[in-house]
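Dear colleague,

I am handing over the structure we spoke about, with the sequence alongside it. Please have it open while you read the notes that follow.

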Amino acid sequence: MGSPAYRDKSPKYLTWLEKKFGRYPFPTAGIVMVDSDSAMETQQMVTMGSDVAALGADEFELDTVHEFSHHWFGDTVTPTTWQDMWLNEGWAMYAQLLYQLEREHAKDADLDSWLRQSDAALRKKYGPPGHPKPTEFAASNVYICGAAMLRQLQHTLGDKKFFALARAWAQDHRNSQQTRASFIAFVNKQTNRDFTALIDAWLDSPTTPPKSLKDRRR
């Protein structure tokens, strides 16, 4: 099922992810095509649905990057409870968006605008990502609103410090379960700055936090 050309690009995706987030956490990686309308980040061997392949090479590529990124965020660093689903889906979604940004040579401003517009609509429909509704499990707010929060962190820290933080989070917490509190504590310690208010606002606010929201110096 699906074109082999889709699947044979896995080393390219993993190399890109390693440059962003550090060493791949498992001994092997691959893709299994299954009869499904979705994909799943199963450890080492992600499953990609035939319906995803039917969407075309571009969409298949983005979904593959998303699922492989979960090997860093979700499969080795795992949220303790589903309330913190944003902790793995936000990172995976942001990795996908960054890959797409580079692939399409798009403008940063276009991604910023899309994220804020999408974030506002999703908060209105599903609520804030830090309080997912049990009746709306895995709704898009935990993906995109979480990614929007990471986007503001990147803008505030700058690329070098942000990706150093991302690599340290993935590598230093391998094979562990984490929470919002432990993520905030890690970010504050890693940066020697207090991002508690910024992160809490993005996770709890019913509306999109303002661009002017900043961290507090210690």
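Which residue takes a positive phi just after helix 2? Gly22 does, with a phi of about 95 degrees.

Before going further, please bear in mind that this is a predicted model, in which local features need pLDDT of at least 70 and side-chain atom pairs count only at pLDDT 80 or more, while totals for chains, interfaces and linings use all residues. Residues are numbered from 1 along each chain as its sequence is written, and side-chain values use heavy atoms, with hydrogens and water left out.

Helix 2 covers residues 10–21; helices here are DSSP runs of H or I with at least four residues, numbered from the N terminus. Its twelve residues reach 16 Å from the first C-alpha to the last, close to the 16 Å expected at 1.5 Å a residue, where the expected span is 1.5 Å times one less than the number of residues. Its buried residues (under 20% relative accessible area with a 1.4 Å probe, protein chains only; exposed is over 50% and partly exposed lies in between) are Ser10, Tyr13, Leu14, Trp16, Leu17, Lys20 and Phe21. These cover an arc of only 160 degrees around the axis, which puts them on the same side of helix 2; the arc is that of the directions from the helix axis to the C-beta atoms. On the other side, Pro11 and Lys19 are exposed.

Helix 5 is another matter, since 15 of its 18 residues are buried, so it is largely enclosed by the rest of the structure. It spans residues 86–103 and gives ten residues to the largest nonpolar core, the most of any contributor. Such a core is a set of buried Ala, Val, Leu, Ile, Met, Phe, Trp, Tyr and Cys residues joined through side-chain atoms within 4.5 Å. Of its 58 residues, Trp91, Met149, Phe183 and Ile199 touch the most other members.

Within helix 5, Met93 is buried, with a relative accessible area of 10%. Leaving aside neighbours within four places in sequence, Met93 is in contact (heavy atoms within 4.5 Å) with His66, Tyr143, Ile144 and Ala147.

Glu89, also in helix 5, is buried yet has no salt bridge, meaning a side-chain nitrogen of Lys or Arg within 4 Å of a carboxyl oxygen of Asp or Glu. The nearest side chain of opposite charge, Arg123, is 15 Å away, with Lys and Arg counted as positive, Asp and Glu as negative, and His and the chain ends not counted.

With best wishes

Methods
Helices (H or I, at least four residues) and strands (E, at least two) are DSSP runs, numbered from the N terminus.
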